[in-house]
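Subject: Structure handover

Hello,

Here is the structure I promised you. Please open it alongside this note and follow the points in order.

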Amino acid sequence: MCGITGWVAFTRDLTDEHHTVTAMADTLAARGPDAAGVWLDDHVALGHRRLSIIDLEHGTQPMRTPERGPGDRPRAVVSYGGEIYNFRELREELALLGHRFATRSDTEVALRAYLEWGVDFVHRLNGMYSLAIWDTAREELLLVRDRLGVKPLFYHPTPDGVLFGSEPKAILANPLAEAAAGPEELCDALLFLRTPGRVPFRGMREVKPGHLVRVGRDGIVERRYWALESRPHTDDLKTTVATIRALLDDILPRQMIADVPLVSLLSGGLDSSTVTALAARARAADGGRLATFSVDFTGHTENFKADAIRPTPDGPYAREVARHVGSDHHMITLDRTRLLDPAVRKAVLGAWDLPFNFADLDVSLYLLFAAVREHATVALSGEGADEVFGGYLWFSDPEARKAETFPWLKLGAHRGLDPRSLFHPWFVDGIDLAEYEADLYRTALAEVPHLDGADTENAADRRTRELGYLTLTRWLPILLDKKDRMGMASGLEGRVPFCDHRLVEYVFNIPWEMKTYSGEEKALLRAAAADLLPESVLRRKKAAYPSIQDPAYDRALITGLTAAAGDDAAPLSAYLDAAAARRLADKTTTGSLSEFERILVESTVRLDDWARAYDVELTPLNGAH
């Protein structure tokens, strides 16, 4: 994993901009602590920060081809971050076609694949990646992001070209970019959405998952190269389970390729336990032992209180799985003091760059990854299984299924996660938040592929397909963002086997009746992992990532909200309803906030902190009170 950045300007000479591009790359030092590089030409400057994982001695970037182009320049140059899991097969194929390799890196495979197949090389890649290729013959920059959007990539058009980077901070380090936003740019943060392509910083864009962007003298063109497709599922149950298991058996060894220590995150839930069990088998076959890591809180298991989304604590199950698979297990125990540490929370905000958050889950994940990084550089994760196999409540909840909006917003609003409850009605109405939400929902629904002709679905199946598509394209990106930012803040690469596009494509088209054939959520994954896990884990109901259960945490947290609401100098003070903030504060004097109320409070404080930290010029709402 690495950090990439760069600048294309067709009307100026960038060969003397080494300092600027170095400054852009240096903002990504946490993503690539092992090496740095810059390559300059007349109209392009590429920067790179490397986290060495494969071929540690070679693979320096930006990487240039030995073949020469116009003016004796390299034919093409790449700045690349990520992992191509099928790079060995592609290397063999390219070698048969006459390509010669100087390294063992997947970076060189990507570069030579571009030389051989042009822009169509993206269809051959299996992995998670963001990459930038400068073609000297065409004088064109190609930006590519992986199919599911595991790895981030942002860009900012300029009058004569573009700025780009793995994170917004790299772009903002260039004087041409400005940290500015109006209330309208904040709608996604207020609604807990990640709209594909949209970024709260004005003028900045994100390369959408499964898309590529071409930048030339004629302008910027974005093209989709991958999308979910609807196809009839003709396999019977036995074949379906066997196919899923075969895919997982292929995916895990591929994603374990690394020349550095690799571990597995283990919560004791079905998803991470399946990944861990398969990884432990692969490691044992090579004569090794897998290390696993979990997070817990002081006194959490002993004083656990069950709720709707966390019926059981993780600790006992994680330890049981570790014993079952024979892993070397580590429990990272956190307390309220560490979660509230201002330095830690500032680091989390800086890692995100954007005003999104998952309350204390962000902070605990950051601290967990920092601890894991002391032992390893790569961590396997179970992220994506709920999205792929339909593990969320909204797939079965009647109210969520019939909601004319994103189903998680419907469920959240019923449990206190509604921005309208903290902001003045005139502000919510002034930015037309309801219409913004409705428009995004209509746009997302229009994308959903459906079966046609003789295979047309009934209404229930059609709705389930819509929920699956919305979850994979509008919800999963938020979680992948969180995992990427919190891990890469410590230079830890997270790999997500359930996001392999082959598995996603296959499971997407399995009928809901088959996905839940046993009456349990993720029934197919349970069946596919039946020989891997203890019975208690196979039957365990889904439990969300652990959250601290400490009323004192909420009381400390609420002070940030009341400060933002009562401080005229706070960026959001004009928009917040101080009375509503006080009502939530009063609630913490007698008990705890609900899970969703806590997220609402933390997200509002995060939004205010973000505007302060990045000195965001918040354009006032027209007619602001």
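Two strands count as paired if DSSP finds at least two bridges between them. With that in hand, look at Leu142, which stands opposite Arg214 in S12. One caution before the rest: this is a predicted model.

**The sheet around S7**

Six strands make up an open sheet, ordered S4-S5-S6-S7-S12-S13, with antiparallel pairing. Its edge strands are S4 (63-64) and S13 (219-224), and each pairs on one side only.

S7 covers residues 140-145. On one side, S7 is joined to S6 (residues 127-135) by six bridges, and the two run antiparallel. Here Ala132 has Leu143 as its bridge partner, and Asp135 stands opposite Glu140. The hairpin of S6 and S7 has four residues between the strands, and Glu139 in that hairpin takes a positive phi near 50°. S7 also pairs with S12 (residues 211-216), again antiparallel, through four bridges.

Is S7 enclosed or open? Six of its six residues are buried, so the strand is largely enclosed by the rest of the structure. Both faces are covered. Glu140, Leu142 and Val144 are buried on one side; Leu141, Leu143 and Arg145 are buried on the other.

Helix H3 (residues 106-117) lies across S4, S5 (76-84), S6 and S7. H3 runs at about 125° to S5.

**The other six-stranded sheet**

Another open sheet of six strands has the order S2-S3-S1-S9-S8-S11, with antiparallel pairing. S2 (35-41) and S11 (205-206) stand at its edges. Each has a single partner strand, so one side of each is left without a neighbour in the sheet.

S2 pairs with S3 (residues 44-50) over seven bridges, in the antiparallel sense. Within that pair, Leu40 stands opposite Ala45 in S3. Helix H1 (residues 18-26) packs on this sheet and touches S1 (2-9), S2, S3 and S9 (161-165). The direction of H1 makes about 35° with that of S3.

**Helix H6**

H6 takes in residues 237-255, which is 19 residues. At 1.5 Å a residue, H6 should span 27 Å. Its end C-alpha atoms are 27 Å apart, which agrees. The buried residues in H6 are Thr240, Val241, Ile244, Arg245, Leu247, Leu248, Ile251, Leu252, Arg254 and Gln255.

**Phe389**

Phe389 lies in helix H12 (residues 385-389). Its relative accessible area is 1%, under the 20% cut-off, so Phe389 counts as buried. Which residues does Phe389 contact, leaving aside neighbours within four places in sequence? They are Ile244, Phe498, Leu503, Val507, Trp512, Lys515, Lys522, Leu524 and Leu525. Ile244 is also one of the buried residues of H6. Pro196 is 193 residues from Phe389 along the chain, and their C-alpha atoms are separated by 22 Å.

**Cysteines**

Cys2 is buried, with a relative accessible area of 8%. Cys187 also counts as buried, at 1% relative accessibility.

Best wishes

Note on methods
Residues are numbered from 1 along each chain as its sequence is written. This is a predicted model: local features need pLDDT of at least 70, side-chain atom pairs count only at pLDDT 80 or more; totals for chains, interfaces and linings use all residues. Side-chain values use heavy atoms; hydrogens and water are left out. The expected span of a helix is 1.5 Å times one less than its number of residues. Buried means under 20% relative accessible area, exposed over 50%, partly exposed in between (1.4 Å probe, protein chains only). Contact means heavy atoms within 4.5 Å. Axes are lines fitted to C-alpha atoms, for helices over the stretch in contact, and angles run from 0 to 180 degrees between N-to-C directions.
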